[in-house]
Amino acid sequence: MPMNFETVEVTTDFLIVGGGMASCGAAVEAAYWAKKHGLKVTLVDKASLDRSGAVAMGLSAINQYIGVGKGKNTVEQYVEYVRQDLMGVARDDLVYNIARHVDGTVHLFEKWGLPIWKDDNGEYVNEGRWQIMINGESYKVIVAEAAKNALGMDNIYERIFIIEPLLDGDRISGAVGFSVRENKFYVFKAKAVLAAMGGAVGVFKPRSTGEGLGRSWYPPFSTGSSAYFTIRAGAEMTCQEVRFIPVRFKDAYGPVGAWFLLFKSRAISAIGGEYMVERKDELQNWAPYGLVKPIPANLRNYLGMLDCSEGKGPLMMMTNEAIAKLADQYKDDPKAFKKKMKELESEAWEDFLDMTIAQALLWAATNIQPEEKPSEIAAAEPYFIGSHSGASGAWVSGPEDIAPPEYFWGYANMTTVKGLFAAGDASGASSHKFSSGSHAEGRIAAKAAIKFIVENNTQPAVDMAKVEELKAKAYAPLEIYEANKDFTTDPEVNPAYIKPKMFMFRLQKMMDEYVGGVTANFSTNKPSLDRAMELLTFLKEDSEKLAAKDLHELMRCWENIHRMWQAESHVRTVMFREETRWPGYYFRADFPKMDEQNWLSFVNIKWDPNSGEWDVFKKPIIRL
Ligand code: SFD
Ligand code: AMP
């Protein structure tokens, strides 16, 4: 392996980091405003835009569509829904801002060629109140095409893994990363940067090990880069304790939304009881949030988990019963019945073939026909994701017209670091944006970033000595491997280094056992968290010894460094919040109850790039 790596410098005005839903939204919006002001916009993605990020395989529904003006829903109702779902902890201003713009984004998707299901009256077919059905296997390709057309391929850098932010005092000045295919180190110099590198998967031990390693609900290639980037820039982070645990079809992680909402299926325990009915009284303990409809996602999880804890698992999604019920009205007309059954069967398979193909394969491999047999479902492992039903991410400014003064510092979606913006999974306390809301939020952030550039139109300084230092740090795992690999017969095991996979296993095990993963039944307490911090300190020390045999493994090393920082900010925040607010996501066994008086607030955390110290503190929740 030649150890000479060319340094490539790219100077731009606005740098979009990531190529997912938020970034593609940012690209189209930024291109429009940049043209007016003669500015350059550059996008960099660790993968290939067409299939990168969470929507890589496609999706079968758009989960956020308000339908403003159609007489059914209002933006205010959406804000209410999100606030209740997060047990009171949400930024109304951010949710409102996304919700009032999201329909426009969905209409753009349709214009760009995304097939959205229509009923006989030409109206979108709803899955649930806020969700609409799509034929979404090419969703990301369609959204990426618009971004490519807007920016031009000359301004898009693919397969570059961004490792660190660059700072000029208290202002962002760019980012550095390496090509995962060529011996090239990239330095992007920019006046404003959007961090939109998705969520974090693989921080906790997944249920799937060995035989299915790498399988997860959220993409295994979302590895905490957003959190790492914003934390390391010194940005204030919020809701780092709010991890998301989705209930999914067991072992292949097929989503449940279509089954619960479109097919109106029930879930029962293996013993036969319907936990959502039988355990209803438990919801009183989590009032007022437990008493609203829909019941918050974490509480839905919690009721099922109670059955599993009592040994009544596995839980079963009654797909057969649901399909039979939907077809029942045609039972007197054999031809119509047959047609309906065929339609339901293909909708059932398409739901997974559109977005979680492994689930369809697992059905086929285990002889499951959903109209004949129910399927197991289970609470998955924890994920960090600001766009679905979790809330972790950077603390960003609200919009000027509606945010209270405490939540507004000049530019919508700007973090507390000047010129650094965040959207999608990267921004916190504005859950339930999903694919469409992330795209809309990317557009909001990009428009504000261009305004920031116009009003602060100087190129911040980039310290090239610092860049050289980062370059050496970036490639260190390759050098460590080369220097030591021949001392053992098996290069995977070596006292002088640790390979990224082993490193990841160590991180996942400590998070799983001490911070409330699957093995710990999602429970933790102060002594366990202290132990996790101790083990994390050792892991951090050993991260200096990560080793990589090639560029691909080098990316794996950096992915795990990013995960490790997401882990640390999580542990510190869970420790700080002395209550249990989201049973079903995690339990503080030493503080098993919700404490509205003391903890109905945000918990924010900040790492100081100068001192290396962490600070954890409360921030008030201000309603619109
Ligand atoms: O059924 C670096 N999501 C769903 N949204 C919906 O609207 N409907 C659904 O049906 C949804 N469901 C669902 C969903 C996701 C998944 C995986 C499944 C099912 C199986 C959620 C949305 O997909 C999600 O909310 C958005 O995609 C979030 O957008 P964004 O932009 O925040 O993240 P991204 O799209 O994953 O993109 C991240 C990008 O960053 C890149 N990247 N680039 C450079 N350097 C680094 N170090 C980087 N690290 C990451 C990535 O390559 C990518 O381009 S359902 O379950 O509810
Ligand atoms: P999921 O497939 O679980 O990601 O869910 C897709 C969408 O449906 C999200 O908006 C969820 O919040 C919502 N959802 C899923 N299950 C339910 C349920 N049982 N009740 C209400 N909403 C649900």
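Me: What do the side chains of Glu 441 and Lys 433 meet in?

Reply: Side chains of opposite charge can pair when their charged atoms come close. We call it a salt bridge when a side-chain nitrogen of Lys or Arg is within 4 Å of a carboxyl oxygen of Asp or Glu. Glu 441 and Lys 433 form one, at 2.9 Å from N to O. This is a predicted model: local features need pLDDT of at least 70, side-chain atom pairs count only at pLDDT 80 or more, and totals for chains, interfaces and linings use all residues. Residues are numbered from 1 along each chain as its sequence is written, chains are lettered from A and ligands numbered from 1 in the order in which they are written, and side-chain values use heavy atoms, with hydrogens and water left out.

Me: Are Glu 441 and Lys 433 buried or exposed?

Reply: Buried means under 20% relative accessible area, exposed over 50%, and partly exposed in between (1.4 Å probe, protein chains only). Both Glu 441 and Lys 433 are buried. Asp 92 and Arg 83 also meet in a salt bridge, at 2.8 Å from N to O. Those two are buried as well.

Me: How many salt bridges does the structure hold?

Reply: It holds 45. Some join up: Glu 241, Arg 577, Glu 579, Arg 581 and Glu 596 are linked in a network.

Me: Where do Glu 568 and Arg 572 sit in helix H16?

Reply: Helices are DSSP runs (H or I, at least four residues), numbered from the N terminus. Glu 568 and Arg 572 are four residues apart in H16 (residues 551-576), so about one helical turn separates them. Their side chains form a salt bridge, 2.8 Å from N to O. Glu 568 counts as buried, because its relative accessibility is 6%. Arg 572 is partly exposed, at 26%.

Me: Why is helix H2 largely enclosed?

Reply: Count its buried residues. Eight of the 11 residues of H2 (residues 75-85) are buried, so the rest of the structure largely encloses this helix. Among them are Tyr 78, Tyr 81 and Arg 83. Just after H2, Met 87 takes a positive phi of about 55°.

Me: Which polar side-chain atom lies 2.9 Å from an oxygen atom of ligand 2?

Reply: A polar contact is a pair of N or O atoms within 3.5 Å. Gln 131 supplies such a side-chain atom, at 2.9 Å from a ligand 2 oxygen. An N or O atom in the side chain of His 388 is also 2.9 Å from an oxygen atom of ligand 2.

Terms used: Helices (H or I, at least four residues) and strands (E, at least two) are DSSP runs, numbered from the N terminus. A polar contact is a pair of N or O atoms within 3.5 Å; within protein, one must be able to donate a hydrogen and the other to accept it, and residues adjacent in sequence count only if both atoms are side-chain atoms.
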